[in-house]
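These are my notebook entries on one protein model. I wrote them while going through its parts one after another.

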Amino acid sequence: SRARGPMVRSVLEINKPANTANGAGKVDLAGEVANELKYRLAAPKADTDKLYQSVAWSVHNRLVDAFDKTHEHWNKEDPKHVYYLSAEFLMGRTLTNAVHNMGLQGDYAEALKQFGQTLEGVHGAETDAALGNGGLGRLAACFLDSMATLDLPGWGYGIRYRYGMFRQAIKDGLQVELPDYWLDNGNPWEIRRPETRFNVGFYGKLEGDKWVPGEEVIAEAYDVPIPGYGTKTCSNLRLWDALPLVELDLDAFNAGQYEKAVEQKRKADDIAAVLYPNDATEYGKELRLKQQFFFVSASLQDTIARYLEKHSDLAGLPEKACFQMNDTHPTIAVAELMRLLIDVHGLPYDKAWAITTKSLAYTNHTVMPEALEKWPVAVMQKLLPRHMQLIEQINDAWLASVKDHSASKGAQLQAAKKAEREAAAAAAKEERAKAAAAALEAATTPEEKAAAEAAAKKAEEEAEAALKAILEEDAKVDYVAEVLKSYSIIQENQWNKGEMLVNMAYLAVVGSFAVNGVAAIHSEIIKTDIFPQFVELTPEKFQNKTNGVTLRRWLAYCNPELSALITEALGTDAWVKDATLLAGLKPFAEDAAFRKRWRDVKFAKKAALAKHIKEVTGYEVSTQPLFDVQVKRIHEYKRQFMNAISIIYRYKKIKEMSPEERKKVVPRVCIFGGKAASAYYMAKKIVALVVAIAAKVNNDPEVGDLLKVVFLPNYNVSEAEVIIPAAELSQHISTAGTEASGTSNMKFALNGSFIIGTMDGANIEIGENTGFENLFIFGVQAEEINRLREERKDFKDYDPRWTEALEWVKAGAFGRADYFDDLVASVNDMTRGNDWFLLANDFASYMDAQDEVDKLYRDQEEWTRRSILYTAGNGFFSSDRTIDQYAKEIWSVQPCRQA
Ligand code: NBY
């Protein structure tokens with residue numbers, strides 16, 4: 001846990017009698033905090049930790065009030081709700097956000113004065129709630145904030161993991177993973193609901209259609225109140241904990257079978273124990289499917305139970321509830337909703353299917369084939385036999401419905417193939433005729449002429465026979481069956497013939513009324529590359545909802561200095577709720593005095609980050625250089641390695657320069673952060689390389705402030721809140737077509753940071769909003785990737801800068817040459833690796849873009865002018881806009897606000 005702060009004041013001085021309300025009917029917050037300190041925590045000393053907890057518990061009370069009023073109102077009005085089903089919610093800290101959203105910052109600041117403390121002072125004592133991996137989980141958290149702010153009746157549903165995302169530390173230059181004990185000091189932000197419990201079954205057998213589970217656990221609800229900004233609305237994130245039906249089997253215990261006595265408890269404990277720390281795949285892991293089914297089943301049972309308190313006919317469910325499935329992780333909901341409607345509530349299959357497909361919607365977050373979940377039928381059959389049976393039934397009905405379409409499409413394909421073969425044959429025939437004529441022409445003797453004629457005739461006969469054979473082979477191909485297969489939810493594993501898999505994305509598409517991608521380019525790619533056959537049938541199902549981020553956390557609260565400046569310039573703080581107002585900053589970009597103040601704020605944020613860097617890494621960095629940041633999960637497709645190689649080249653050049661030349665260098669601090677999945681071999685090597693570069697460069701007296709490299713360990717929401725406001729340049733350099741959207745790019749842009757990036761994900765829309773002339777765009781476009789990957793096998797066109805830097809790593813300039821060998825080979829040795837993500841290919845244009853960055857940074861007035869345009873131009877990326885679109889275009893959910 002965090003370092004303890006200094007002791008503030010003796011509790012005796014502040015422990016006034018606990019009165020809860022003062023004369024004006026206002027709650028006496030200081031008294032309440034003192035009460036929490038004394039009675040809930042029984043704390044003898046008001047140190048920073050204890051004071052944080054006391055304040056948090058006091059805020060908890062305010063949240064409960066707001067929560068109860070909101071739900072009373074919604075209960076009375078009975079509006080349609082959206083339920084955001086997500087295996088991940090990356091909430092970060094709550095105190096500052098809750099206090100500000102509820103407008104209580106002044107009151108709590110006042111209360112804390114009596115303890116000699118400030119809100120900022122206790123903020124750091126809170127542990128992050130890191131129940132997510134990266135962008136997908138954080139998006140879910142931003143969405144909750146916007147839903148509440150827009151007064152939309154909606155809840156999040158997920159799992160109360162006892163251990164969230166692992167804590168990353170660097171030991172001997174390598175990443176090590178430590179467990180995240182986030183619940184150690186209790187959790188003031190949740191309300192346990194022992195009265196809200198549902199049973200969830202697993203395994204067992206089928207007796208006809210009847211499922212007799214072999215194992216059962218209890219799902220128990222914990223509610224996390226979600227206060228909206230500038231509204232009384234306080235919605236809910238309901239997280240499920242897993243409990244055993246029987247905690248202790250006393251008979252077994254008494255018989256001395258101690259393991260067996262607690263077996264049920266251990267099994268239940270496993271379900272809600274850990275978040276899978278992989279942001280790409282967890283192929284085939286039974287416990288993961290167990291987690292998914294566990295929270296989906298509990299959430300659906302809970303919703304149906306609440307629906308039935310007010311309504312009797314489940315046919316009306318789609319008018320009252322919409323379930324948004326966050327990626328494929330909760331898509332077992334398709335089968336579970338069917339099961340609940342048919343097996344538990346006695347509906348016929350067709351009616352159940354109509355309800356299901358009107359209630360579910362699916363968001364896709366990835367095009368990486370390995371990240372589209374496919375569950376082995378064998379695993380599904382064992383863990384969820386009834387669901388497997390239903391999925392087969394769903395698939396059969398689905399395939400029957402596309403039979404006619406497949407027949408005509410198959411016939412078309414067959415005819416097209418035949419025409420293609422015949423056209424090719426005709427062209428070849430023409431070629432042969434020309435060659436034969438030439439041979440005849442060249443023949444001088446009658447013997448030669450005869451031989452030429454015979455050869456031509458033979459070639460002709462052979463070609464005709466070959467065509468006939470090919471056409472016969474083609475005729476044997478069952479095109480109709482091939483087309484039908486392309487629609488099947490159950491398919492053979494292409495890497496492991498014979499193994500059958502359930503394609504969860506296909507199940508989601510078939511079971512949903514809407515499917516969306518998360519940025520414009522991504523929504524197009526899923527239509528052309530991932531689900532083209534489904535688009536043919538129901539184009540209207542496919543939508544785009546470009547991601548957004550909450551401006552409360554990611555601008556107003558993490559950058560109060562910039563916020564104050566914006567509010568002053570615009571003459572209002574209404575931009576916090578209506579981000580389009582940020583456009584009003586544009587004219588200020590032309591105002592030199594304003595630019596100076598803008599720079600001063602950035603400078604202050606850089607100073608705060610420099611201090612943080614010193615505290616956690618020991619490295620001392622100046623606040624003068626350009627702060628260049630790449631923070632995100634470590635992945636080959638995100639290409640941190642390319643960034644690292646460019647830094648190595650920069651370093652090498654600086655060392656080779658004369659003192660005169662060095663004076664012209666634009667100094668940089670290159671900052672990295674991000675976790676590598678524990679089993680991701682290459683990602684871990686990338687972390688190690690960056691750490692090694694930092695160790696060498698930062699201790700090289702020849703380089704001094706011209707270049708510093710920092711790897712900030714344990715990148716998480718709270719780290720991001722310190723890093724993003726301080727960035728001047730941020731890197732979003734994924735291979736075009738691989739990053740679905742990205743959301744940190746939006747946060748950086750809103751905080752006035754430039755973007756160096758590829759034409760990928762939301763970078764493109766940020767370019768459209770900021771003006772592409774203000775971004776540093778490089779690299780190939782998504783449409784070229786397939787061709788280039790084909791050609792990469794004989795790629796030789798290495799930029800000399802690339803080769804020079806890589807040779808240096810290979811030669812051991814950063815130590816561990818053997819350890820880095822596979823990493824280097826992955827991008828630079830076409831026989832071992834194959835540079836799948838095209839680092840070598842894009843390197844030259846990346847370096848050129850970096851030169852442009854340096855050039856512009858030398859002109860601080862122009863740099864600042866454009867930095868202002870980033871903030872002014874990107875109000876579009878508020879998650880309020882995104883959620884408004886979801887509500888109107890997918891959910892059909894209306895605001896329900898208390899007077
Ligand atoms: O979702 C991210 C995308 O990479 C990013 O481009 C996008 O902006 C963001 C929000 O739409 N995806 C992501 O974060 N995915 C995961 O974290 C994830 C986690 C687990 C698994 C797969 C993906 N899994 O299969 O276990």
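Which domains does the domain assignment of the protein give? I found domain 1 (78-93 + 128-399), domain 2 (412-486) and domain 3 (622-870), with bounds that come from an automatic or database domain assignment. Before going on I noted that this is a predicted model, in which local features need pLDDT of at least 70 and side-chain atom pairs count only at pLDDT 80 or more, while totals for chains, interfaces and linings use all residues. I also noted that residues are numbered from 1 along each chain as its sequence is written.

**Entry: the whole protein.** I looked up the secondary structure and found 37 helices and 26 strands, where helices (H or I, at least four residues) and strands (E, at least two) are DSSP runs, numbered from the N terminus. The radius of gyration, taken over C-alpha atoms, is 31 Å, close to the 29 Å that the globule rule (2.2 Å times the number of residues to the power 0.38) gives for 899 residues, so the protein is as compact as a globular protein of that length. Its C-alpha atoms fill a box of roughly 125 × 85 × 60 Å along the principal axes, and the C-alpha centres of domain 1 and domain 2 lie 59 Å apart.

**Entry: the sheet of 9 strands.** I read the order of this open sheet as β9-β12-β13-β6-β3-β14-β15-β19-β20, with mixed pairing; two strands pair if DSSP finds at least two bridges between them. Because β9 (191-202) and β20 (542-544) stand at the edges with a single partner strand each, one side of each is left without a neighbour in the sheet. Strand β19 (residues 514-517) pairs with β20 in the parallel sense over 3 bridges, and there N516 stands opposite Q543 in β20. Helix α11 (residues 286-310) packs on the sheet, where the strands it touches include β3 (81-85), β6 (154-159) and β14 (321-326); contact requires C-beta atoms, placed from the backbone, within 7 Å. The direction of α11 makes about 115° with that of β9, with axes fitted as lines to C-alpha atoms, for helices over the stretch in contact, and angles running from 0 to 180 degrees between N-to-C directions.

**Entry: the sheet of 6 strands.** This open sheet has the order β23-β22-β21-β24-β25-β26, with parallel pairing. Strand β24 (residues 729-732) and strand β25 (residues 754-757) pair over 4 bridges, and L729 stands opposite F754 in β25. Helix α28 (residues 681-698) lies across β22 (668-673) and β23, running at about 140° to β23.

**Entry: the ligand.** How many residues surround the ligand? I counted 23, of which the closest are N133, G135, L136, D279 and S741; a residue is near if its C-beta atom, placed from the backbone, lies within 6 Å. The shell draws at least three residues from each of domain 1 and domain 3.

Conventions
Contact = placed C-beta atoms within 7 Å.
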